[in-house]
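Subject: Structure for you to look at, with notes

Dear colleague,

I am passing on the structure below, and my notes on it follow directly after. Please read them with the model open beside you.

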Amino acid sequence: MWFVGLGVLLILLKIGDVGFVAGWSWIAVLSPFALAVVWWVWADGSGYTQRKAMDRLEERQRKRRQRAMEALGRDKPGQRH
């Protein structure tokens, strides 16, 4: 996502003839979009995207379990009443 944001910013600077970007070639200005494609292909192919999604899911489950234990009055795992 960072590459896409950078690409949009560079396009806006190029079109507006702002600063040093105005003198750059269009290939240099559009290169962040190519890098974004390369990143997405690598992330999907290597399983990075799926691992991150699973990590987020596990974190949500952990928080949900913690809230359930707190609601039952068992704040700490393994605590005996």
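How many residues does helix 3 have, and how far does helix 3 reach from its first C-alpha to its last? Helix 3 has 24 residues and reaches 35 Å between those two atoms, which is close to the 34 Å expected at 1.5 Å a residue; the expected span is taken as 1.5 Å times one less than the number of residues in the helix. Helices here are DSSP runs (H or I, at least four residues; strands are E, at least two), numbered from the N terminus.

Before going further, please keep in mind that this is a predicted model, in which local features need pLDDT of at least 70 and side-chain atom pairs count only at pLDDT 80 or more, while totals for chains, interfaces and linings use all residues. Residues are numbered from 1 along each chain as its sequence is written, and side-chain values use heavy atoms, with hydrogens and water left out.

The partners are Glu 59 and Arg 62, whose closest N and O atoms are 2.6 Å apart. Because these two residues lie three residues apart in helix 3, about one helical turn separates Glu 59 from Arg 62. An α-helix has 3.6 residues a turn, so residues three or four places apart point the same way. Glu 59 counts as partly exposed at 32% relative accessibility, and Arg 62 is also partly exposed, at 44%; buried means under 20% relative accessible area, exposed means over 50%, and partly exposed lies in between (1.4 Å probe, protein chains only).

A patch of positive charge on the surface gathers Arg 51, Lys 52, Arg 56, Arg 60, Lys 63, Arg 64, Arg 65 and Arg 67. Patches are made of residues with over 30% relative accessible area and no salt bridge, like charges being joined within 9 Å and nonpolar side chains (Val, Leu, Ile, Met, Phe, Trp, Tyr) within 5 Å. Lys and Arg count as positive and Asp and Glu as negative, with His and the chain ends not counted, and the place of a charge is taken as NZ of Lys, CZ of Arg, CG of Asp or CD of Glu. Arg 67, one of the patch residues, is in helix 3, which covers residues 48–71, and counts as exposed because its relative accessibility is 52%.

Just after helix 3, Gly 73 takes a positive phi of about 90 degrees.

Helix 2 and the nonpolar patch

Phe 3, Leu 35, Val 37, Trp 39, Trp 40, Val 41 and Trp 42 form a nonpolar patch on the surface, with about 700 Å² of accessible area together; accessible areas come from the Shrake-Rupley method with a 1.4 Å probe, and for residues only the protein chains shown count as cover. Helix 2 (residues 26–46) gives the most to this patch, with six residues. Trp 42 is in helix 2 and is partly exposed, with a relative accessible area of 45%.

Ala 28, in helix 2, and Leu 10 are 18 residues apart in sequence and 9.1 Å apart in space, C-alpha to C-alpha.

Asp 17 sits in the loop between helix 1 (2–15) and helix 2, where its phi is near 50 degrees, a positive value in a residue other than glycine. Most residues other than glycine have a negative phi. Asp 17 counts as exposed, at 59% relative accessibility. Phe 20 is in the loop between helix 1 and helix 2 as well and is exposed, at 61%; the C-alpha atoms of Phe 20 and Arg 67, 47 residues apart along the chain, are separated by 53 Å.

With best wishes

Technical notes. Salt bridge = Lys/Arg side-chain N within 4 Å of Asp/Glu carboxyl O.
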